[in-house]
Amino acid sequence: MSLVNLAHVCSHIQNCSRNRVPLAAVSMTRLHLQVCAGLYKEGFLSSIQRGDANKPDETFIPATPQNIATRKLWLGLKYDGFNPVLSKLRLISKPSHKFVLDEYQLRDLAVGKEVRKISPLAPGEAIFVKINNDDVVEIREAVAKRLGGQLLCRAS
Amino acid sequence: MVKRIAKYGFKSGLLPKSRLRNIAKEFARAETDKTATQGYADPLFVPRGSAAEPIQKTTKTADEIINDSAKVSQKQLSHISPEQKLKSEKATIRRTYLSDSLRLQELNDKEEWKKLDEMAKKEKVWRAGLLKTEDSEATKLTLPTINSFLNKPLVEPYTEEQRAILKAKRESNRIALETKFAEQRARQYLDLYQRASKFIVTEEQLEEAIERAVMNGTSDSSKSTSFYNVDILKSERNNDQVKNFSNAQLVKMHGGMLTDGLVPKLTQELVGSTDVGRPGLAEIRDVLNGNADEYTKKVNDFKLKKIEEDKAAAKSVLDDVVSNKS
């Protein structure tokens with residue numbers, strides 16, 4: 001898991017969204033797929049497609065050690081009229097400063113309390129948490145499951 | 001902001017639009033309210049001061065509005081003055097007009113609502129049609145999902161066969177690289193060995209080298225031709241044709257080919273010899289393998305065969321000549 005690469009992905013998606021780009025490509029890794037799936041579930045993205053560096057796949061192409069370097073996830077960005085649905089996507093944990101919270105701290109953050117100088121969950125915002133088994137879930141799901149984990153990024 | 005009729009370009013008789021109900025807005029709200037009550041909202045996450053379920057907005061019917069605003073006065077007066085009677089008649093007319101207009105508005109609203117409902121139903125059918133694809137049920141049910149990708153390795157692992165091919169490829173690459181370096185080293189050793197024969201190690205050799213340099217006419221090492229080139233010049237000088245040529249003429253004859261580096265490279269490329277013009281690694285390898293002997297033997301055999309053929313041809317010609325004479 002690389003927070004540096006995740007930071008690049010976050011800024012790329014945010015830049016594309018602010019620039020009204022219809023499709024954005026990010027490198028295909030497990031972490032990126034998990035975060036993008038989370039964004040899709042929360043309604044920030046309209047589609048996720050597999051593809052290569054040039055375009056989304058028309059037929060299913062498996063990822064192999066030979067082609068994994070060129071495999072990409074093509075994300076359909078959402079707009080409400082001319083306004084981007086996703087206006088902000090930022091890392092919370094930094095490579096040099098990781099925030100690992102327990103279930104109680106996560107609950108406090110979700111209900112609107114500031115925890116360790118992290119601003120609370122705002123309405124219409126989503127925070128993604130990496131829980132123990134390397135799954136990435138939204139903070140509400142983590143609270144419902146009574147799980148703690150590392151805060152990754154927040155989208156609004 | 002201008003006032004009164006200035007707002008309408010000083011045109012009298014034009015009235016502003018009355019503040020009517022926006023039926024389209026109300027209809028949209030009712031549609032969203034239908035879906036807003038679906039599902040489950042965790043009370044834990046409902047913000048303070050807001051309701052989990054949308055608060056329904058009540059709208060009054062025309063009769064209710066009339067009853068509230070244009071009620072008929074219940075007061076019964078025994079004596080009514082003509083002024084009061086006129087006022088009462090005017091009030092009745094106004095009340096009638098208002099109630100008529102409200103009832104008419106309600107009818108219009110109902111019609112518009114009906115139209116919007118029909119439009120919404122049509123759109124619902126159209127959207128359902130969009131979701132219909134030509135894919136078979138089997139294709140839809142076996143499409144990979146995001147979870148299916150996350151539950152197994154993201155990259156397909158190598159098969160046993162692919163692993164074996166890769167291993168063989170790596171091994172061959174390693175061997176090729178090692179051979180290349182070994183050959184390079186052998187070439188360098190051979191070069192050093194051959195150059196070592198020219199190294200000055202005795203006093204006699206030193207004197208000879210000094211004499212040679214003096215004969216060449218320059219003491220500047222950077223400008224002088226190499227000892228290899230001097231050797232060529234000397235060998236050329238022994239040749240009868242160029243015996244009387246000067247050094248400058250000889251260099252001119254070779255068209256500048258006697259410059260440092262070029263001749264050794266050419267010889268290396270064409271003959272396979274080393275920089276010093278001695279047999280190269282390939283030639284030595286051939287000798288060691290016995291290929292050179294075999295080649296020499298083949299050449300000799302070919303020469304002998306050619307001589308025999310020439311002899312036979314000459315003999316036949318002689319026989320012909322003798323037979324013609326006789």
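Me: How many bridges join β8(A) to strand β9 of chain A?

Reply: Good place to begin! Two strands pair if DSSP finds at least two bridges between them, and strands (E, at least two residues) and helices (H or I, at least four residues) are DSSP runs, numbered from the N terminus. Here 3 bridges join β8(A) to strand β9 (residues 136-138) of chain A, and the two run antiparallel. For example, A:K130 stands opposite A:V136 in β9(A). The two strands form a hairpin with 4 residues between them, and A:D134 in the turn has a positive phi of about 65 degrees.

Me: Before we go on, what kind of model is this, and how are its parts numbered?

Reply: This is a predicted model: local features need pLDDT of at least 70, side-chain atom pairs count only at pLDDT 80 or more, and totals for chains, interfaces and linings use all residues. Residues are numbered from 1 along each chain as its sequence is written, while chains are lettered from A and ligands numbered from 1 in the order in which they are written.

Me: Which strand do 6 bridges join to β8(A)?

Reply: That is strand β10 (residues 149-155) of chain A, which runs antiparallel to β8(A). In this pairing, A:F128 stands opposite A:C153.

Me: How many residues of strand β8 are buried?

Reply: A residue is buried if 20 or more other C-beta atoms lie within 10 Å of its own, exposed if 12 or fewer, and partly exposed in between, with C-beta atoms placed from the backbone. In β8 (residues 126-131) of chain A, 5 of the 6 residues are buried, and the strand is mostly covered.

Me: Which residues touch the most other members of the largest nonpolar core?

Reply: First, the general idea: in soluble globular proteins, nonpolar side chains tend to be buried together. A nonpolar core is a set of buried Ala, Val, Leu, Ile, Met, Phe, Trp, Tyr and Cys residues joined through C-beta atoms within 7 Å. The largest one here has 38 residues, and A:V129, A:I139, A:L152 and A:C153 touch the most other members. Helix α1 (residues 3-18) of chain A gives the most to this core, with 5 residues.
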